[in-house]
Every structure is written in C-alpha cells, then in structure tokens.
Amino acid sequence: MDYGMIGKIEKAKRYAEERERITIEHFRATFDGENNPHMVEFVDGQWHCDCNFFLSRGVCSHTMALERILEGMLRTPLEVA
Ligand SMILES: [Zn+2]
C-alpha cells in the first residue's frame, strides 16, 4: 500500500472518533421492527416514521433508537432555521 493511502486510513480512524465533525442532513433507513419493517427518515431536522405510534405521537422507538445511534451528528431544527 502506498504512503498516501496509509495516511488517509489513519486520518479516517481519527475522524471516526470525532463525531462532532459530521452533520447528517438527510437520512433514510429501513428499520427491521419486531412486527414489520419501517421506513424512517430524517429530513430538515425532522424525523418521520411510517409506524402507527409515530403517526399519533410524532416520535417512536425507531426514531429514538436512531437518535441514540447518531447522537451528536444530527442537525437540530434550531440549526436549520
Ligand atoms: Zn416508528
């Protein structure tokens, strides 16, 4: 492997520890729920999920789980404005 690539890999490892460098603007995932798969999206600082709980409450276990996984990397509505 050439030195250029070795340097990039080292930098990538360091970056991966520095989550605050990363801001997720748009995000879409299929979440394999206990009953059905769900489509979860994060667009313009807002979560969306196609499960029934989210439709009535605006938040659900799927969005909360992804919030935990992506902690520190999500653009909040305040930052969007
Ligand atoms: Zn959901």
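In the predicted model, the side chains of Glu10 and Lys13 meet in a salt bridge with an N to O distance of 3.7 Å, a salt bridge being a side-chain nitrogen of Lys or Arg within 4 Å of a carboxyl oxygen of Asp or Glu. The model is predicted, with local features requiring pLDDT of at least 70 and side-chain atom pairs counting only at pLDDT 80 or more, while totals for chains, interfaces and linings use all residues. Residues are numbered from 1 along each chain as its sequence is written, and side-chain values use heavy atoms, with hydrogens and water left out.

Glu10 and Lys13 both belong to helix H1 (residues 3–16), where they are 3 residues apart, about one turn of the helix; helices (H or I, at least four residues) and strands (E, at least two) are DSSP runs numbered from the N terminus. Glu10 is partly exposed, at a relative accessible area of 46%, whereas Lys13 is exposed, at 51% (buried means under 20% relative accessible area, exposed over 50%, and partly exposed in between, with a 1.4 Å probe and protein chains only). The salt bridges number 2 by this rule, and one of them joins Arg21 to Glu18, with the closest N and O atoms 2.5 Å apart.

The zinc ion is coordinated at 2.1 to 2.4 Å by Cys49 (SG), Cys51 (SG), Cys60 (SG) and His62 (ND1), donors being N, O and S atoms within 2.8 Å of the metal (3.2 Å for Na, K and Ca), with water not among the atoms, so that sites may look incomplete. Along the chain, the donors of the zinc ion follow the spacing C-x1-C-x8-C-x1-H. Because Cys49 lies in strand E3 (residues 46–49) and His62 in helix H3 (residues 61–69), the pair ties together parts that are 13 residues apart in sequence. Both Cys49 and His62 are buried.
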